[in-house]
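The following exercises ask the reader to work through one protein model step by step. Please consult the sequence and the structure before reading each solution.

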Amino acid sequence: MAYADQQMSTNKVVALVIVALIHVFVGYALVTGLAYEAAKKVINKVTTVDIKEEKPKEEEPPPPPPKEDTPPPPIVAPPPPINIAPAPPPVQTVITPPPAPPVVIQTAAPPPAPPPPPPGPSKARGVKPKGQGSWAARIQSNYPTRAAREEREGRVGVRVTVGPDGKVSACSVSGSSGSPDLDEAACDGMQRYARFDPALDADGNPISSSYQTAIVYKLN
């Protein structure tokens, strides 16, 4: 580096000396009457001398340090994921006890009913006419007037319903005589005059029942 600086200073001194000589020459040329143009050319040629400075040599970089066998970097496991979700609110579980079983109060069973008494003799019977001769004569004596005038005779079969009171509650003709007036007179007489002993059930209670008979209309 010092050598290069010294060489540069020497070049500068030489250049300064040349410039000084040129000025002396120019002055002399002017005095001696040299042509102006010749002096100008010389001056331009001399003054345009390039002074090239030598570039300093670049120092070589120092050699790289020897490589050392460095162990590989340790393997670092990634940190576990952090769950940033908010924790759910605690769930309260309410356990409802099962309902208590109903209390069953067992009561003593009632004693069995006494067996019914053994059945006695049945008192049931059917309906029976009471005083049939008298009420039959009254029915026959009420001979329909028109039938008597026309001398019409006949036998009327009737079916009656006898109530618990022994009276006829309903009557129907089961066998017509062929004369409507005789049939009607027979049912009317049965409901007005006929009397019965009503039918009885097994316990002897009077009940409704039916009875059949015939009324004979005959002229004397």
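**Exercise 1. Two packed helices**

In which hand of crossing does H3 pass H5? Determine also the geometry and the residues of the contact.

Solution. The model is a predicted one.

Step 1. Two packed helices are described by the angle between their axes and the distance between the axes. For helix H3 (residues 132-141) and H5, the packing angle is about 140 degrees and the axes lie 9 Å apart.

Step 2. The crossing in which H3 passes H5 is right-handed.

Step 3. H3 contributes Trp135, Arg138 and Ile139 to the contact, and H5 contributes Gly189, Met190 and Tyr193. By class, four residues of this contact are nonpolar, one is polar and one is charged.

**Exercise 2. The sheet and its edges**

In what order do the three strands of the open sheet stand, and which strands stand at the edges?

Solution. 

Step 1. The order is E3-E2-E7, with antiparallel pairing.

Step 2. Strand E3 (168-175) and strand E7 (209-217) each have a single partner strand; they therefore stand at the edges, and one side of each has no neighbour in the sheet. From one strand to the next, the twist averages 30 degrees.

Step 3. Strand E2 (residues 154-162) is joined to E3 by six bridges in the antiparallel sense. Within this pair, Val158 is opposite Val173 of E3, and Arg159 has Ser172 of E3 as its bridge partner.

Step 4. Helix H5 (residues 180-193) packs on the sheet and touches E2, E3 and E7, and its direction makes about 150 degrees with that of E3.

Step 5. E2 and E7 are paired over nine bridges, again in the antiparallel sense. Here Val156 is opposite Ile215 of E7.

**Exercise 3. The setting of Thr213**

Is Thr213 buried or exposed? Name the residues that Thr213 touches.

Solution. 

Step 1. Thr213 belongs to strand E7.

Step 2. The relative accessible area of Thr213 is 17%; because the cut-off for buried is under 20%, Thr213 is buried.

Step 3. Leaving aside residues up to four places away in sequence, Thr213 touches Gln132, Val156, Gly157, Val158 and Met190.

**Exercise 4. A positive phi**

What is the phi of Glu151, and where is Glu151 found?

Solution. 

Step 1. Most residues other than glycine have a negative phi. Glu151, a residue other than glycine, has a positive phi near 55 degrees.

Step 2. The location of Glu151 is the loop between helix H4 (145-149) and E2. At 63% relative accessibility, Glu151 counts as exposed.

Terms used: Residues numbered from 1 in each chain as written. Predicted model: local features only at pLDDT ≥ 70, side-chain atom pairs only at ≥ 80, totals over all residues. Heavy atoms only, no water. Pairing = 2+ DSSP bridges. Helix = DSSP H or I, 4+ residues; strand = E, 2+ residues; numbered from the N terminus. Axes fitted to C-alpha atoms, helices over the stretch in contact; angles between N-to-C directions. Contact = heavy atoms within 4.5 Å. Left-handed = near helix turned anticlockwise from the far one by under 90°. Nonpolar A, V, L, I, M, F, W, Y, C, P; charged D, E, K, R; others polar. Buried < 20%, exposed > 50% of the residue type's maximum accessible area, 1.4 Å probe, protein only.
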